Amino acid sequence: MADYKAPLRDMRFVLNEVFDAPKLWQTLPALAEVVDAETAEAILEEAGKITANTIAPLNRSGDEEGCHWVDGAVSTPAGYAEAYRLYAEGGWVGVGGDPAYGGMGMPKTISAQVEEMMNSASLAFGLYPMLTSGACLSIYAHASEELKQKYLPNMYAGIWAGSMCLTEPHAGTDLGIIRTKAEPQADGSYKVSGTKIFITGGEHDLTDNIIHLVLAKLPDAPAGSRGISLFLVPKVMVNEDGSLGERNSLSCGSIEHKMGIQASATCVMNFDGATGWMVGEPNKGLAAMFTMMNYERLGVGIQGLSTGERSYQSAIEYARERIQSRAPTGTVAQDKAADPIIVHPDVRRMLLTMKALNEGGRAFSSYVALQLDIAKFSDDAEARQRAEAQVALLTPVAKAFLTDMGLETTIHGQQIFGGHGFIREWGQEQLVRDCRITQIYEGTNGIQALDLLGRKVVGSGGELYKAFTDEIRRYCATADSELEEFIAPLKAAVANLDELTAFILDSAKNNPNEIGAASVEYLHVFGYTAYAYMWARMASAARGKESQDDFYASKLGTARFFFARLLPRIHSLSASARAGSASLYLLDAAQF
């Protein structure tokens with residue numbers, strides 16, 4: 001596999017030339033004194049170095065060795081502990097954390113790029129700091145000041161890790177039926193008992209303590225999701241002076257043997273009257289969790305993008321070097337027995353598909369990150385509200401579409417290698433295996449599609465949807481006439497999405513199955529349309545510079561490929577969505 005190189009040029013292009021993020025940061029008082037273009041450049045450069053030089057070399061060896069469980073203790077692969085220590089010492093775990101508790105204070109637009117680099121280097125490794133960051137988000141937003149002071153500094157510093165304990169053996173997506181209980185104690189603490197499964201980083205040897213955030217129910221909790229509370233349960237108790245005390249009453253019962261992310265410990269966690277403290281208010285644990293979800297679901301989407309980027313870097317290097325047959329138009333490499341496979345139309349189709357989806361995904365993930373920054377840091381209430389609405393609408397798209405496209409991209413990368421892509425030494429098959437989980441965890445992509453169409457579009461009467469498409473229309477109305485080759489198909493795609501949305505809104509009035517039947521195809525139509533908006537903006541930023549720099553010429557060529565070969569997918573997807581639910585219910589259960 002090719003050595004990983006952080007795509008810093010493209011990241012700079014997206015942040016500085018497409019979205020002008022430094023200008024936005026200077027309008028947000030909480031960020032103006034923390035970050036500017038030079039600071040961002042320095043952070044991304046350093047992140048590129050540690051991910052490429054320290055973490056990426058562990059990706060294959062970590063997959064080969066995996067994690068090991070012995071008598072409740074979990075060990076990570078060779079080199080992981082040292083790499084994690086270096087990563088933590090660089091302040092990377094707390095890159096987006098509040099400086100008041102030792103974080104770096106960077107906006108999501110920067111931490112999103114760091115996440116991409118981390119996960120391209122090693123998705124399995126990146127899950128450990130990602131879960132810690134997610135736990136910190138919920139603690140920061142909802143915990144008492146005492147808990148924040150006690151736990152956040154060491155978590156931001158990477159000295160302690162974090163985990164999120166939601167799923168139970170009988171309760172996956174339906175968290176309302178969880179059985180884990182929390183019994184209140186006289187001192188204000190709680191005794192938490194129950195079993196959680198699929199807990200990423202629930203136990204490992206990277207840190208001395210792991211701070212678990214656990215969903216549980218109080219004895220008098222109302223039924224369903226309205227009766228869920230959130231509790232902070234440390235692996236090791238923390239003394240008043242901040243030192244570590246006794247082991248808490250919890251244990252790792254086993255780790256899962258998985259298709260991919262072998263170096264990430266996926267644990268069964270048993271809580272046997274473990275001491276914990278409530279985070280937030282009683283019976284409002286899901287609200288506290290969802291503070292983290294918008295960030296983490298974007299983070300999972302970025303994982304899909306990351307595996308696609310790593311796959312592309314290997315595939316393009318291989319396609320330039322591997323010789324097979326001659327070009328359809330005649331010999332290209334006169335000095336070789338055959339031409340490099342990059343001359344062949346189908347190889348180019350796959351490479352350009354990978355490139356277009358990766359670069360479109362990077363722009364889209366950065367756009368969603370910008371909305372998160374405005375929602376968090378803006379002093380303008382109206383701007384915050386508008387950004388929050390955008391985040392609500394686009395989060396399921398970011399999670400599901402980025403990961404669906406990530407799997408398509410890694411499969412193309414594997415295919416370009418031919419038979420060599422199917423064997424382990426080249427690394428492409430690992431990326432396919434690793435990417436596959438991103439479509440499943442943090443809410444399966446089918447659930448994300450239901451969230452988009454059922455809750456965000458239908459549930460808002462189309463208002464959230466309209467706010468986003470109105471923005472695209474305003475952009476089209478002010479675009480330079482020289483961009484018409486991109487603006488015309490973008491406007492047509494929005495018109496198609498408008499019609500499809502209206503059709504489903506109308507159909508759902510009479511048949512509740514229509515939403516579920518159309519939701520996945522609808523999310524994909526939405527995703528391609530959103531990418532078209534991103535590609536129009538990137539083409540605008542690149543236009544006029546193509547004669548000066550191949551980077552811009554490549555950007556415009558890829559934009560033209562996207563509009564010519566990928567955006568038309570919306571038509572078959574729209575036809576499927578319009579076909580309705582009737583054909584899904586022609587068979588009885590016994591007839592399947």
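View 1. Leu586, Leu587 and Phe592 make a nonpolar surface patch of about 390 Å². The model is predicted: local features need pLDDT of at least 70, side-chain atom pairs count only at pLDDT 80 or more, and totals for chains, interfaces and linings use all residues. Residues are numbered from 1 along each chain as its sequence is written, and side-chain values use heavy atoms, with hydrogens and water left out. Patches are made of residues with over 30% relative accessible area and no salt bridge; like charges are joined within 9 Å, and nonpolar side chains (Val, Leu, Ile, Met, Phe, Trp, Tyr) within 5 Å. Accessible areas come from the Shrake-Rupley method with a 1.4 Å probe, and for residues only the protein chains shown count as cover. Phe592 sits in the segment after helix 19 (569–578). Helices (H or I, at least four residues) and strands (E, at least two) are DSSP runs, numbered from the N terminus. Phe592 counts as exposed because its relative accessibility is 72%. Exposed means over 50% relative accessible area, buried under 20%, and partly exposed in between (1.4 Å probe, protein chains only).

**View 2. Two annotated spans.** UniProt lists residues 163–272 as "domain: Acyl-CoA oxidase/dehydrogenase middle", an unreviewed entry. This span is 47% strand and 0% helix, and its end C-alpha atoms lie 17 Å apart. Residues 283–451 carry the UniProt feature "domain: Acyl-CoA dehydrogenase/oxidase C-terminal", also from an unreviewed entry. Here the figures are 72% helix and 0% strand, with end C-alpha atoms 22 Å apart. UniProt positions follow the numbering used here, feature names are shortened, and annotations may be inferred rather than shown by experiment.

**View 3. The largest nonpolar core.** This core has 178 residues, and Tyr522, Phe526 and Phe562 have the most contacts inside it. Helix 17 (residues 513–542) gives the largest share, 18 residues. A nonpolar core is a set of buried Ala, Val, Leu, Ile, Met, Phe, Trp, Tyr and Cys residues joined through side-chain atoms within 4.5 Å. What does Tyr522 contact, leaving aside its neighbours within four places in sequence? Its partners include Leu452, Leu453, Tyr465 and Ile504. Contact means heavy atoms within 4.5 Å. Another core, of 13 residues, lies apart from the largest one; Ile341, Met354, Ile416 and Phe417 are among its members.

View 4. The structure holds 36 salt bridges. Each is a side-chain nitrogen of Lys or Arg within 4 Å of a carboxyl oxygen of Asp or Glu. Lys555 pairs with Asp10, their closest N and O atoms being 2.4 Å apart. Lys555 lies in helix 18 (residues 550–566) and Asp10 in helix 1 (residues 8–18), so the bridge ties together parts that are 545 residues apart in sequence. Both Lys555 and Asp10 are buried.

**View 5. A salt bridge in a loop.** Asp339 and Arg326 meet in a salt bridge, 2.9 Å from N to O. Both residues lie in the loop between helix 10 (285–321) and helix 11 (345–377), 13 residues apart. Asp339 counts as buried, at 0% relative accessibility. Arg326 counts as partly exposed, at 30%.

View 6. The side chains of Asp346 and Arg349 form a salt bridge (2.7 Å, N to O). They lie three residues apart in helix 11, about one turn of the helix. Asp346 is partly exposed, with a relative accessible area of 42%. Arg349 is partly exposed at 30% relative accessibility. Elsewhere, salt bridges that share partners join Asp10, Glu116, Glu309, Lys355, Glu359, Arg362 and Lys555 into one network.
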